[in-house]
Amino acid sequence: MIVSISRFLALHPLTGYALAIAALLAAMLALSSVTGGRRVGPARGASMNLPFESGILPVGSAHLRLPVQYYLVAVFFVIFDAEAVFLFSWATIVRQAGWRGYGAVLVFLAFLGIALAYLWRAGGLEWGPARRPARERT
């Protein structure tokens with residue numbers, strides 16, 4: 001039985017990795033539920049329902065209206081961070097990938113360049129107020 005499992009994992013390393021991650025997550029969740037104490041009901045106390053910010057009681061509302069540009073920058077960061085992950089992983093096997101891998105990375109970079117040009121053209125990178133076109137004087 002153990003020989004067949006090790007043979008299966010040798011043939012399917014991604015499945016083995018996924019199983020190892022699932023086992024690690026299950027162990028962490030089980031340990032946290034066993035070792036963590038919880039207070040429920042009146043034992044919880046009224047102070048447990050208040051947010052705690054470095055010992056200072058909150059004043060006012062915590063809801064802030066942030067401009068949409070903050071979220072756009074976050075999305076751009078995630079997109080281009082994922083790009084960096086793919087490029088660094090490609091860089092580790094650049095010799096084994098050969099010219100096909102080089103061509104695939106060039107296509108990948110071309111798509112990213114097109115996406116960046118589209119975002120730039122659509123005004124996704126503009127931070128200031130939108131400029132109004134100057135009215136023509138007659």
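**View 1. The whole chain.** Of the 138 residues of the chain, 6% count as buried (buried means under 20% relative accessible area, exposed over 50%, and partly exposed in between, with a 1.4 Å probe and protein chains only). The model is predicted: local features need pLDDT of at least 70 and side-chain atom pairs count only at pLDDT 80 or more, while totals for chains, interfaces and linings use all residues. Residues are numbered from 1 along each chain as its sequence is written, and side-chain values use heavy atoms, with hydrogens and water left out. Among contacts (heavy atoms within 4.5 Å) between residues at least 6 apart in sequence, 47% join residues at least 24 apart.

**View 2. The aromatic pair Phe86 and Phe108.** The structure holds two aromatic pairs (rings of Phe, Tyr and Trp, the last by its six-membered ring, pair if their centres lie within 6.5 Å; planes under 30 degrees apart count as stacked, over 60 as edge-to-face and the rest as tilted). Phe86 and Phe108 form an edge-to-face pair, with 5.8 Å from centre to centre and 80° between the planes. This pair links distant parts of the chain, for Phe86 belongs to helix 3 (residues 68-92) and Phe108 to helix 4 (residues 94-122), 22 residues apart. Phe86 is exposed, at 51% relative accessible area, whereas Phe108 is partly exposed, at 28%.

**View 3. The aromatic pair Trp99 and Tyr102.** The ring centres of Trp99 and Tyr102 are 5.7 Å apart and their planes lie at 90°, so this pair is edge-to-face. Both residues lie in helix 4, three residues apart, which is about one turn of the helix. Trp99 is exposed, with a relative accessible area of 73%, and Tyr102 is partly exposed, at 39%.

**View 4. Two annotated segments.** An unreviewed UniProt entry lists residues 69-90 and 102-120 as "transmembrane region" (positions follow the numbering used here, feature names are shortened, and annotations may be inferred rather than shown by experiment). Residues 69-90 are 100% helix and 0% strand, with end C-alpha atoms 31 Å apart. Residues 102-120 are also 100% helix and 0% strand, and their end C-alpha atoms are 27 Å apart.

View 5. Val68 is placed in helix 3 and is exposed, with a relative accessible area of 52%.

Terms used
Helix = DSSP H or I, 4+ residues; strand = E, 2+ residues; numbered from the N terminus.
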